[in-house]
Amino acid sequence: MKLLLVLPLIIPLTAAGLSLLVWRSRVAQRAVGLIGMAALFVVAVLLLSAVMKHGICATQVGDWPAPFGITLVADTFSALMVLLAATIGLAVTVYSVGAMDPQRESFGYYPLLCVLLMGVCGAFLTGDLFNLYVWFEVMLIASFVLLVLGGERPQMEGAIKYVTLNLVSSAILLSAVGIVYGLTGTLNMADLAGRLRQIEMEDAGQGSFVTAVAMMFLVAFGIKAAAFPLFFWLPASYHTPPAAVSAVFAGLLTKVGVYGLIRVFTLLFVHDIGFTHGLIALIGCVTMVTGVLGAAAQNEFRRILSFHIVSQIGYMILALGMFTGAALAGAVFFIMHNIIAKSCLFLVSGVAHRIRGTYELSRLGGLYRDYPFLAVLFFIPAMALAGIPPLSGFFAKLAIIKAGLDIQEYVLVATALLVGILTLFSMTKIWAEAFWKSAPQEVDHQPATTAPRAAGYDRATRIMLIPVIFLAAMTVLAGVGAEPLLGLFSRAADELLDTTRYIRVVLEVRS
Amino acid sequence: MNLVLAVVVGGLYAAGLYLMARRSVVKLIIGLCLIGHASNLLIFVSGGLTRGRPPLIRPGAETLTAPYADPLPQALILTAIVIGFGVLAFAMVLIHKVYVAVGSDDLDQMKSTDA
């Protein structure tokens, strides 16, 4: 049990270390990366099943009793997130074997991917606020290097914004952590939850101070999650690295910010729900609308997808703002659906780029005629994203909208539905431009040298298609099996809302 | 002492934000650096300042007697400084590479990837 909580951190670290040792051999690095990610996936499955069986698990690192040491905790939500991270890690690593250029591979692509996964898993599993900050930094520094690896000019320009805004948000997070420590004298999240309640009960004046700190957390995690109004770094940078890197960023990084928001605003700051969660719901709404309108104005494959990340983050934040069990279950469902579908779409964009040598919609075209199978693989996650039944996105949105109707937030529900239509519009735009219309006859059109213009997939492209098929199949399965999945997500939401169990497990556990 | 440090922290934040609002990339990085320092100092102050009371358990006693200087904020700051150093080293290399790629240190010249 204890081992299962530590292994999601140790496995990526070991894989990263080993692949550094075999620096000179790209083949060996690939093998180590693949084995590491596969092992991480297996451990994540075991962790989730253990949490399902025994309830919330916790362990004290270094045997220091809570609240003095660092605690690792896995409730259903954390375990699910670790599993999703491992899934995307594995899918992207397989994809990279086919897609990544030798230059990037030989400059530490696989070790960086492993470190990134370690940071993501650490953030999901930690039960300590300062430790959460440290894992965020681990994840960020790996993502910085992955983003600029290759050193092309657009990457550099995107990286400046990405690095700056993320460092600012880290500084805000660090300051907030410091103030919380000054206020309560503890950093263990379970312990903090109790102390904060105590402070609010003793002194009403301190309550507003706690709200101020809560707003600092909202800003810090909001920047990392790319919520309105500080999301500009995302569409400026996510379309610049290779598609595999974009896919892992799109799938995981912003969701770690959302995870932070959900964790902090269910466990710690629930003293003034009317204000804090009302504000969160409002931010969610504005994020949705801005993101989807931004996407409608774009004409490049990955830029449209990048703006849609922002829009989808809005749904998750909106559901957190509604703050009911059903809404949180919907949020968890939506996160799961979005991680899989969004990564899948980015991977498809990479395949299209490999075939046609461009991401510009005006220069793409005719993919449906030449590559019908690829078109199907795009169509499934795209329709899932737009929320067409019976795919995963439909049920995720349905859960959130139902929760909104239950608490009679009709404006929020109407916005969510309207954004759904606009999402469909963007997805149809990509479909019509890249897949449906006939290929443009340009004189200067130069297809990528590695792939001939004629239909048919070469070996590398076939490897790239494996994870795409896998993720698209998961999108369909998540839609078909929505009922049992929703049971799982409701359980995660119950654990989030009923914090007493979490607190009891963390504070009582003796290694 | 608290007041002096509070003013210093505020001044560092202000200076950092001002530098970040400038167009030069170098100033941007210096600004980030200052904001990082401000956060570190903030943790130091918010942990409480206690003079001349090291957190040592006296002979014969079982626990610490308050007031004592809390060592934990300093441990946190140490961690944050190390992380900040690593990130800053990366940022320095990044701005050099950006300068080579773009040929300017003007942030307004780096808008081609914006939507």
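Chain B of this predicted model has a mean pLDDT of 89, with 99% of its residues at 70 or more. Chain B is built from three helices and zero strands, and its C-alpha trace spans about 70 × 25 × 25 Å along the principal axes. Two residues of chain A, Ile407(A) and Thr59(A), are also described below: Ile407(A) is partly exposed, whereas Thr59(A) is buried.

**Confidence in chain B**

- Helix H1 of chain B, covering residues 2-20, has the highest confidence in the chain, at a mean of 94.
- Helix H3 of chain B, covering residues 72-102, has the lowest, at a mean of 91.

**Fold and dimensions of chain B**

- Read from the N terminus, the order of elements in chain B is α-α-α.
- The radius of gyration of chain B is 20 Å, while a compact globule of 115 residues would have a value near 13 Å.
- Among contacts in chain B between residues at least 6 apart in sequence, 55% connect residues at least 24 apart.

**Surface and charge of chain B**

- Buried residues make up 33% of the 115 residues in chain B.
- The accessible surface of chain B amounts to about 6900 Å², and carbon and sulfur atoms contribute 67% of this area.
- Chain B carries 8 positive and 6 negative side chains.
- The centres of these two sets of charged side chains in chain B are 8 Å apart.

**Ile407 of chain A**

- Ile407(A) is located in the loop that connects helix H17 (392-406) with helix H18 (410-436) of chain A.
- The relative accessible area of Ile407(A) is 32%, and the residue is therefore classed as partly exposed, a class that lies between the limits of 20% and 50%.
- Apart from residues up to four places away in sequence, Ile407(A) touches Met322(A) and Thr324(A).
- Ile407(A) and Met322(A) are 85 residues apart along the chain, yet their C-alpha atoms are separated by 8.1 Å.

**Thr59 of chain A**

- Thr59(A) belongs to strand E1 of chain A, which comprises residues 57-61.
- Thr59(A) counts as buried because its relative accessibility is 1%, and the class requires a value under 20%.
- When neighbours within four places in sequence are set aside, the contacts of Thr59(A) are Lys2(A), Leu5(A), Ile70(A), Thr71(A) and Leu72(A).

Conventions:
Residues are numbered from 1 along each chain as its sequence is written. Chains are lettered from A and ligands numbered from 1 in the order in which they are written. This is a predicted model: local features need pLDDT of at least 70, side-chain atom pairs count only at pLDDT 80 or more; totals for chains, interfaces and linings use all residues. Side-chain values use heavy atoms; hydrogens and water are left out. pLDDT is the predictor's confidence in each residue, from 0 to 100. Helices (H or I, at least four residues) and strands (E, at least two) are DSSP runs, numbered from the N terminus. The radius of gyration is taken over C-alpha atoms; the globule rule is 2.2 Å times the number of residues to the power 0.38. Buried means under 20% relative accessible area, exposed over 50%, partly exposed in between (1.4 Å probe, protein chains only). Contact means heavy atoms within 4.5 Å. Accessible areas come from the Shrake-Rupley method with a 1.4 Å probe; for residues, only the protein chains shown count as cover. Lys and Arg count as positive and Asp and Glu as negative; His and the chain ends are not counted. The place of a charge is taken as NZ of Lys, CZ of Arg, CG of Asp or CD of Glu.
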